[in-house]
Amino acid sequence: MIRVTIFDDNRSLRETLALVFDATDDLIVTGTYADALDAVRCVQRDQPDVILMDIDMPGRTGIEAVSLIRQQTTQPRILMLTVFEDVERIFAALSAGAVGYLLKKTPADKIIDAIRDVMEGGAAMTPSIALKVLAAFQIPVNAGKHYALTDKEREVLHRLVEGDSYKLIAYHCQISMGTVRTHIVNIYDKLHVNSKSEAVAKALKTGMFK
């Protein structure tokens, strides 16, 4: 049996998916939650094989929850299930550790197929999402050189891509927290972005760290 946990603030969707999954021979729902504020403890308790994770939830985003879960000893496969189709969120979710990205308009039978696919070691994406990912990676690998980041700024950005907190960046780069913030402000300015997720997405799209 494939153990599935669902995080989504849409009660109707949670209940519908739970009913559909429990009616499937090889799936069992181990937990459903309206937010991801206590995601790590829920996952440690439920021990799911696969997690369906919404992005826009109260208190903590699904992308933040994915990153926190990935830092724990358990390694469930995480599928994003969301309405968002923008490249920034797609790359932020994948860089945080998700192995798939599905839109909520995906039929239930396709979601079930996706759960089975990731259990077998594959990745799952709604076709329109896969096309956006492929298009993003068609940007030339050397495109990142045009942003004129300093070596230290590139090092800080690389740590952001790896999912480090500001404290960890300061530790790995042997700089103060204030210097970390200064570098990040400069990085945002040079990359023409306004957030960590946008910076990470652009770094991945331009192939800066291939």
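**Figure 1. Parallel pairing of β1 and β3.** Strands β1 and β3 pair in the parallel sense, and four bridges join them. The model shown here and in the other views is predicted. Across this pairing, Thr-5 stands opposite Ile-51 of β3. On its other pairing, β3 meets strand β4 (residues 77-82), again in the parallel sense and over four bridges. Ile-51 has Ile-78 as its bridge partner in β4. Strand β3 itself spans residues 50-53, and both of its faces are covered. Val-50 and Leu-52 point to one side, Ile-51 and Met-53 to the other, and all four are buried.

Figure 2. Six strands make up an open sheet with parallel pairing, in the order β2-β1-β3-β4-β5-β6. Its edge strands are β2 and β6 (124-125), each of which pairs on one side only. Further along the order, β4 and strand β5 (residues 100-103) run parallel and are joined by four bridges. Within this pairing, Leu-81 has Leu-102 as its bridge partner in β5.

Figure 3. One aromatic pair is found in a search of the whole structure. The pair consists of Phe-7 and Tyr-33, whose ring centres lie 5.1 Å apart and whose planes are 25 degrees apart; the arrangement is stacked. Phe-7 belongs to strand β1 (residues 2-7) and Tyr-33 to strand β2 (residues 27-33), so that the pair links parts of the chain 26 residues apart. Both Phe-7 and Tyr-33 are buried.

Figure 4. Leu-27 is located in strand β2. Its relative accessible area is 1%, and Leu-27 is therefore classed as buried, the cut-off being under 20%. The C-alpha atoms of Leu-27 and Arg-3 are 6.1 Å apart in space, although the two residues are separated by 24 residues in sequence.

**Figure 5. A charged side chain over an aromatic ring.** The charged end of Arg-89 is placed over the ring of Phe-84. The distance from this charged end to the ring centre is 3.9 Å.

**Figure 6. The largest pocket and its lining.** The volume of the largest pocket is about 550 Å³. Its lining comprises 26 residues; those nearest the centre of the pocket are Ile-63, Ser-67, Ala-92, Ala-96 and Lys-196. Four helices each supply at least two lining residues: α3 (62-70), α4 (87-96), α7 (151-161) and α10 (196-205). Helix α4 provides the largest share, with five residues. By type, the lining holds nine nonpolar, eight polar and nine charged residues.

**Figure 7. Two glutamines with positive phi.** Most residues other than glycine have a negative phi. Gln-47 has a positive phi, near 50 degrees, and lies in the loop between α2 (39-46) and β3. With a relative accessible area of 41%, Gln-47 is partly exposed. Gln-174 also has a positive phi, near 55 degrees. This residue, Gln-174, is found in the loop between α8 (166-173) and α9. Gln-174 is classed as exposed because its relative accessible area is 73%, above the cut-off of over 50%.

**Figure 8. His-192 in the loop between α9 and α10.** His-192 is located in the loop that lies between α9 (177-191) and α10. The relative accessible area of His-192 is 65%, and the residue is therefore exposed. His-192 and Lys-202 are ten residues apart in sequence, with a C-alpha to C-alpha distance of 9.5 Å.

Figure 9. Thr-106 is placed in the loop between β5 and α5 (108-119). Although in a loop, Thr-106 is buried, with a relative accessible area of 15%. Thr-106 and Ile-90 are 16 residues apart in sequence, and their C-alpha atoms are 16 Å apart in space.

Note on methods: Residues numbered from 1 in each chain as written. Predicted model: local features only at pLDDT ≥ 70, side-chain atom pairs only at ≥ 80, totals over all residues. Heavy atoms only, no water. Phe/Tyr/Trp six-rings, centres within 6.5 Å; stacked < 30°, edge-to-face > 60°. Buried < 20%, exposed > 50% of the residue type's maximum accessible area, 1.4 Å probe, protein only. Lys NZ or Arg CZ within 6 Å of the ring centre and 35° of its normal. 1 Å grid on protein atoms, 1.4 Å probe; cavity = no way out; pocket = protein on both sides within 12 Å on 5 of 7 lines; lining within 4 Å. Points joined across faces, edges and corners; volume = space filled by probe spheres on them. Nonpolar A, V, L, I, M, F, W, Y, C, P; charged D, E, K, R; others polar. Pairing = 2+ DSSP bridges.
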